[in-house]
Amino acid sequence: MWIFFAVFSGYWVLRGLNAVRNAEYIAQSNADYIASGREEFFEQRRSWRAWKTTPLTDAMAVEQAGRKKLIWGFLGLFVVTPLIFWIERI
């Protein structure tokens, strides 16, 4: 079980690092996607508004979201995973 948490936490660390390093590119890609008017599914924009999940178009917001992912990933990697490893050994 602890291996699952280690891999999952590592995944979030990598996603956070990617978001922090490529914040401007991600923000520009999101803005271009929104401006294109193309939808993946019917009434996607209404869904974004309802659930407040519109893709971030500001580089600082993307970077902040990336830092949050980094923090949660490191927390899982260095706190939760050792705790679960220790509990499984008892």
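The model is predicted, so local features need pLDDT of at least 70 and side-chain atom pairs count only at pLDDT 80 or more, while totals for chains, interfaces and linings use all residues. Residues are numbered from 1 along each chain as its sequence is written, and side-chain values use heavy atoms, with hydrogens and water left out. Helices are DSSP runs (H or I, at least four residues), numbered from the N terminus.

**Helix 1 against helix 4**

- Helix 1 covers residues 2-21 and helix 4 covers residues 59-89; the two pack with their axes 7 Å apart and at an angle of about 165°.
- That angle makes helix 1 roughly antiparallel to helix 4, a label used for angles over 145 degrees, whereas angles under 35 count as roughly parallel, 65 to 115 as roughly perpendicular and the rest as oblique.
- The axes are lines fitted to C-alpha atoms over the stretch in contact, and angles run from 0 to 180 degrees between N-to-C directions.
- The crossing of helix 1 with helix 4 is left-handed, meaning that the near helix is turned anticlockwise from the far one by less than a right angle.
- In the contact of helix 1 with helix 4 there are 15 nonpolar residues, seven polar ones and five charged ones.

**Residues of helix 1**

- Ser9 lies in helix 1 and is buried, with a relative accessible area of 6% (buried means under 20%, exposed over 50% and partly exposed in between, with a 1.4 Å probe and protein chains only).
- The side chain of Ser9 comes to 3.5 Å from the backbone nitrogen of Leu77; a polar contact is a pair of N or O atoms within 3.5 Å, where within protein one must be able to donate a hydrogen and the other to accept it, and residues adjacent in sequence count only if both atoms are side-chain atoms.
- Beyond its neighbours within four places in sequence, Ser9 is in contact (heavy atoms within 4.5 Å) with Gly73, Gly76, Leu77 and Thr81.
- Val13 is also placed in helix 1, and its relative accessibility of 9% counts as buried.
- Setting aside residues up to four places away in sequence, Val13 touches Leu70, Gly73 and Phe74.
- Val13 and Asp32 are 19 residues apart along the chain, and their C-alpha atoms are separated by 26 Å.
- Arg15 lies in helix 1 and is partly exposed, at 36% relative accessibility.

**Residues of helix 4**

- Trp72 sits in helix 4 and is exposed, with a relative accessible area of 61%.
- The C-alpha atoms of Trp72 and Gly16 are separated by 9.2 Å, for a pair 56 residues apart along the chain.
- Arg89 is found in helix 4 as well, and at 60% relative accessibility Arg89 counts as exposed.
- Arg89 and Gly76 are 13 residues apart in sequence, and the C-alpha to C-alpha distance is 18 Å.

- Gln44 lies in helix 3, which covers residues 44-51, and counts as buried at 6% relative accessibility.
- The backbone nitrogen of Glu40 is reached by the side chain of Gln44 at 2.7 Å.
- With neighbours within four places in sequence left aside, Gln44 is in contact with Tyr33, Arg38 and Glu39.
- Glu43 is in the loop between helix 2 (23-36) and helix 3, and has a positive phi of about 60° although it is not a glycine.
- The relative accessibility of Glu43 is 32%, which counts as partly exposed.
- Lys52 belongs to the loop between helix 3 and helix 4, and its phi is near 55°, a positive value in a residue other than glycine.
- Lys52 counts as exposed, at 74% relative accessibility.

Terms used:
Nonpolar A, V, L, I, M, F, W, Y, C, P; charged D, E, K, R; others polar.
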